[in-house]
Amino acid sequence: MRQFVYTVYLPGQKKTVQIKELQFSRYKHLVKSITNDNDNVIIDFFDSLLADLCSVDNDVKTYSFLDKLIILLTIRLVCISPELELTGTCPETKNNFNFTVKLTDIIDKLQTLQLPDEVYGTTKTFNNGDLVIELGMPSILQMSTVELGMLNTVFKKIILNGTDVTKTREQIIDHLPAVVLRDIKNYLTTFNEYMSGIKLLDIRSPFASNKTVEMPLNLFSNSIIDFLKICFRRNLLSLYELEYFLINRLNLSYELIREVTPAELNIYINLFKEEKREEEKARKSSKTLNPLQP
Amino acid sequence: MSENVTDILKQLEKLNEASGVNVYIPSLKKAVRFKNLNLKQQKDLLKSSIDDTLTRLSFTTKFFSIIKENAIDYIDASKLLIIDRLSIAIALRSAGLSSVYNSINLNDLITQIQSTAIDSTILKSTTDTQGLTVNLEAPTLGTDNDINLATIAKLKNVSDRDVKTQIGELFVHEIVKFIHSVTFKTDDGEQNVVFANLSTDNKIAITEKLPSTATNKILDFIKTYRVFENKFSTLNDVSVEVDSSFFSV
């Protein structure tokens, strides 16, 4: 049976991709990883999630970090909830305040950044064209975790003596002339100049109108992975309570619970709440209609 | 590794050779062709700054390997001098990465190196003290590498915080590099000990027994040699520090 899929446009790939649903059981594992708070493990988890949920495209691991971020936020929006409820601290008064962010706004922003083509990718030629290298946005969600290893993630295409040898990238990168490092640095500098001004969150404080709570789109810090953690974090115990409630009160089978999305489980809970409200209403009205009722 | 990848690596090897650079070797008084650095070599050099911030020994041993790997024309790298290493490093940096480093035009420095005369008295000297003759010689890259490897092995067991021990070991190892032979006067005549025939531990044991007057004269020789060596990395009184940071971009 063909699974339900939804789609999202990726500006880096310049195409629309199909995404499968995030099942509750997988989400629970993600929440466990986030609770454990090891960034390397969390990044690996997100990468495997992308590989599995976008399996129609085998190249998803080479997608830019921006495309990956758009996919993950879309998964969050469709399979969990379209809004993000957060608490911020006013930079001036230090007072806490609650706010809600619509994920569609962030996704729209990332899809329409209007970045110049040179930020999405650039082509460099060496030895009179014997070696042509296409550099593009890094495909990892956080640069600092891999140090010099991150260099490999900006190579998008390698053409040697007219032949595309990109598939052997992992084996041949170390043998490329060191001069490519200078071009990588220049590309990353340009890339960072454009990216540094973009903010994932930019919320005005209700306590000081000229102050904002911000989260930059900075690949060279923890900001992207931190933002993703915020998006997918949930109290782990509440997930067990939810499972307990769904099995014991709603008599849902565990198979059903693990296969549907967290958003669908919310629908069941809302239906249950609605049913209870109706029952309560009916009970109250039957009391009112009974003249013998004291 | 598939045949396909092997073929691609061969093509890259040819490409690196074709884009090679002629490097003037001061001790040979001629140019030798070298392949440019590849990405792995550059990454290794950059990583060496993390390995040892105090001693720079990893950098020099890694760069010695690069000299051996990248020479296209035949040379005996172990017979080259430290001034040759400077010339090679500057030429590879200029051709492969950028000819400008800290506002210094490295091509101007390369031109200067080619016209810097080598006075043989700076490369060799003899000191006589209390019946002890020490023949001194500017270390070859082979000697430099051997002693550096021994130093790295020794310092591996010394805590990073124990700077005193680190400096002490570096000091004696540095002196050992410059001693070619030691001649003692004995009752039967003279005994000549050629350092090349000794293990590093024995070289150090003898060096540590030398009287301070002899050590001071050795240090004078090293000092003079270092001043000469600096000519190969200094342009208009601005010195270039040839270490791992020199290869950052």
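**Exercise 1. Determine how helix 7 of chain B packs on helix 8 of chain B.**

Helix 7 of chain B passes helix 8 of chain B in a right-handed crossing (the near helix is turned clockwise from the far one by less than a right angle). The model is predicted, with pLDDT of at least 70 needed for local features and 80 or more for side-chain atom pairs, while totals for chains, interfaces and linings use all residues. Residues are numbered from 1 along each chain as its sequence is written, and chains are lettered from A and ligands numbered from 1 in the order written.

Step 1. The axes of helix 7 (residues 141-155) and helix 8 (residues 163-178) of chain B come within 10 Å and cross at roughly 160 degrees. Helices are DSSP runs of H or I with at least four residues, numbered from the N terminus; axes are lines fitted to C-alpha atoms over the stretch in contact, with angles from 0 to 180 degrees between N-to-C directions.

Step 2. Helix 7 of chain B is therefore roughly antiparallel to helix 8 of chain B (angles over 145 degrees).

Step 3. Residues of helix 7 of chain B, including Ile147(B) and Leu155(B), meet residues of helix 8 of chain B, among them Leu170(B) and Val176(B).

**Exercise 2. Describe the side of chain B that touches chain A.**

Step 1. In chain B, 24 residues are in contact with 21 residues of chain A (C-beta atoms, placed from the backbone, within 7 Å).

Step 2. Helix 1 (3-18) and helix 2 (39-51) of chain B are the elements that give two or more residues to this side.

Step 3. Helix 1 of chain B supplies the largest share, nine residues.

Note on methods: Angles under 35 degrees count as roughly parallel, over 145 as roughly antiparallel, 65 to 115 as roughly perpendicular and the rest as oblique. Two residues are in contact if their C-beta atoms, placed from the backbone, lie within 7 Å.
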